[in-house]
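Work through the following exercises with the sequence and the model at hand. Each task is followed by a solution in steps.

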Amino acid sequence: MHIPPYDNANKPIVDVGHSHVPLNYFNIVKLTKGQAFEYQVPGFETCIVPATGTVDVEVEGFKADALGNRTVDVWDGEPEGVYAPTGATATMVCSSDAAEVFVAGAKYDKTLDPFAVRSAELDLVQYGSDDTKTHRKIKHILGQKQHDKVGRLLVSELFTVGQGGWSGFPSHKHDTDRLPDETRHDETYNFRFRPNHGSGVQMLQREDGKSGDAYHIVDGSTICLDKGYHPCAVLPGYEMYYFTILGGLSQRSLVQYFQPSHANQVETIPGIKDMIAKFK
């Protein structure tokens, strides 16, 4: 499902009980200096990540001041985040001239403790190659390092390295709980491009060997992935970024099932096995 960019007025783009990705929650909050925003999502743990700007965050008495250090765009510095437990009341106050803040969530029924992830605590992965048109960098905000402190939520940022090429390849899916081969993880993306008039394509192939769907993604597009194989690509001459939310049905660790037609390419893309191992 493709949701074109629009002014969501600080209301969830992917709300509780979404028809395509019921395990996910996603909001974009835009504030100016001194403005505050408070939210609570019953039944969902969340993560606050400034796309740009700086906010002071409080979650049930836990405080994280000066969260976020990017000004121009998502390429301008490293991300930071604050984990808010299931159903917690979280408040953010903009301390920069303006801020755009992502709020990612996953369905989870237990209550854990809030914490902050600063830029020095990110889990960074780079994989692929220019030759295979798969050169990518992933910045895990809630990744393997935070595994024991989070319920079912994985949050990361993915960047192209260079301009043009593919991501999410070899094509894979994670729509069915059938361990050890695959887990059910709903997934939501929000895309950005540099320059911002760039664009790309999100593929969604329901079954191996049969034709699927393709969505034209632009700066600000949101994609909700319910089931199927889902590689994406960016036009030559442009860089692509996407904010990634994964929510697991039965466990946090992601087990991807690679499309049989392309699974052999797991052996040809440099570093991809290390990338796979980080979604824990």
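**Exercise 1: Strand partners**

In this predicted model, V201 faces A233 of strand β20. Determine which residue of β18 is the bridge partner of V201, and how many bridges join β17 to β18.

Solution. Begin with β20, residues 232-234: β17 pairs with this strand in the antiparallel sense, over three bridges. Turn next to β18, where H216 is the bridge partner of V201. Finally, take the whole pairing: β17 (residues 199-204) and β18 (residues 213-218) are antiparallel and share six bridges.

**Exercise 2: The largest pocket**

Solution. The largest pocket holds about 180 Å³ of space. Its lining comprises 14 residues, with I28, K30, E100, R192 and G220 nearest the centre.

**Exercise 3: The nonpolar cores**

Identify the residues of the largest nonpolar core that touch the most other members.

Solution. The core has 28 residues, and those touching the most other members are F26, F102, I141, L142, L153, V155 and F243. Strands that each supply at least two residues of this core include β8 (98-107), β11 (136-142) and β21 (239-248). Another core, of 23 residues, lies apart from it and includes L158, F169, F193 and Y238.

Definitions and conventions. Residues numbered from 1 in each chain as written. Predicted model: local features only at pLDDT ≥ 70, side-chain atom pairs only at ≥ 80, totals over all residues. Heavy atoms only, no water. 1 Å grid on protein atoms, 1.4 Å probe; cavity = no way out; pocket = protein on both sides within 12 Å on 5 of 7 lines; lining within 4 Å. Points joined across faces, edges and corners; volume = space filled by probe spheres on them. Pairing = 2+ DSSP bridges. Helix = DSSP H or I, 4+ residues; strand = E, 2+ residues; numbered from the N terminus. Core = buried A, V, L, I, M, F, W, Y, C linked by side-chain atoms within 4.5 Å. Buried < 20%, exposed > 50% of the residue type's maximum accessible area, 1.4 Å probe, protein only.
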